[in-house]
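Visitor: I am new to this structure and would like a close look at one part of it. Please take me through that part slowly, and show me how it sits within the rest.

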Amino acid sequence: MTPPRRKRRRPQPPPPPLPTPPAPEPPDGQAEPKNPERLYAFAEAEDGARAELDLVTLIVARSAPQPGASPEHTAVLRLCVAPLSVAELSAYLNLPFSAMTVLITELITAELVQARAPIVRQALPDRSLLEAVMHGLQRL
Amino acid sequence: MDFNGSDTLPGPRTEDHLPHTTQAAVKIVIVGGFGVGKTTMVGSVSEIRPLTTEETMTQAGIGVDDNYGSDTKTATTVAMDFGRIGITDRLVLYLFGTPGQERFWFLWNGLFEGALGAVVLVDTRRLEVSFDVMDRLEERGVPFVIAVNSFPDAPRYAVEELRTALDLAPEIPIIECDVRRRASSKDVLLTLMRFLHSIALSGARA
């Protein structure tokens, strides 16, 4: 039996629409469904700090929650006694990722938490970093 | 949402706390079609109980009762499972299992942009669902390896046959795995890391 073959999209013009399972068509008659929108995008315009928060930016509390702080802020500060990623905060607090970034941006602005940026892929990858990850995985 | 029940505030178990010395995180993305085993793979290698981050989005309502006027937007939730592996006392690795549809990827900032690399998990019964994912990763310049999750009743192909079918360059690793097993999932991740390392070495020589 021969496996189905992949046809690359890039070198060729887009293929004609195939009789794929019927994609739901938006009522305004657009051919392609538009990208969905985030429901919680409200704080984006403020200062742009939100955009710097990655799923794996580590958040650490700088101080204990103050009396009178909002319950949401208190919850984050309690969770971040040890470093915790934005993804984990979103999971534990059951908040959508974008809502979580809004909340954390407020806390960063108020200097209540510190953010430790992730190491991202470079054009020329850092070999010592890759080796460290390899060694860590081997110990698993 | 109730944040006031602070005594029952969900959070990591004490033994799951990262060391205070942890300075940075890296991430690897496991991408594949529905039911291909992404969540199983995350669960088999993660040192913490796998977690789920969600994103809520709106989309033009489709086939929705239009009684409320012209605004037929509906909220949909997209979920992504992830796990974590401590690398050193300064570095931690996160693994994200994400749906194959690119239109969801933007929901999480930099999901692929910053990732060290990706694992494309494929099921030989539905090889074609991974074709589009590979195109997208190539376009974004995300290095990836192919992991074939061996389902018992799935057709078996020789690696070279798969390479031809997937139109993959000879250097891209293809590995068979059983993602239910930690050792096997770990092998897949190590295969990706060795591949990334070889890219780094050839880049340094160039």
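**A sheet and a helix crossing**

Guide: In this predicted model, Leu58(A) stands opposite Ser85(A), a residue of strand β3(A). That pairing belongs to a place where strand β2 (residues 58–61) of chain A and β3(A) run antiparallel and are joined by two bridges. Stepping back, these strands are part of an open sheet of three strands in chain A, whose order is β3-β2-β4 and whose pairing is antiparallel. Its edge strands are β3 (84–85) and β4 (113–116) of chain A, each of which pairs on one side only.

Two of the helices, α1 (residues 71–79) and α3 (residues 97–109) of chain A, have axes that come within 11 Å and cross at roughly 80°; because angles of 65 to 115 degrees count as roughly perpendicular, α1(A) and α3(A) are described as roughly perpendicular to each other. Where they meet, α1(A) contributes Glu72(A), His73(A) and Val76(A), while α3(A) contributes Leu103(A), Ile104(A) and Leu107(A), and by class this contact has four nonpolar residues, one polar and one charged.

For the chain as a whole, 30% of the 140 residues of chain A count as buried, and among contacts between residues at least 6 apart in sequence, 66% join residues at least 24 apart.

Technical notes: Residues numbered from 1 in each chain as written. Chains lettered and ligands numbered in written order. Predicted model: local features only at pLDDT ≥ 70, side-chain atom pairs only at ≥ 80, totals over all residues. Axes fitted to C-alpha atoms, helices over the stretch in contact; angles between N-to-C directions. Helix = DSSP H or I, 4+ residues; strand = E, 2+ residues; numbered from the N terminus. Parallel < 35°, antiparallel > 145°, perpendicular 65-115°, else oblique. Contact = placed C-beta atoms within 7 Å. Nonpolar A, V, L, I, M, F, W, Y, C, P; charged D, E, K, R; others polar. Buried ≥ 20, exposed ≤ 12 C-beta atoms within 10 Å, placed from the backbone. Pairing = 2+ DSSP bridges.
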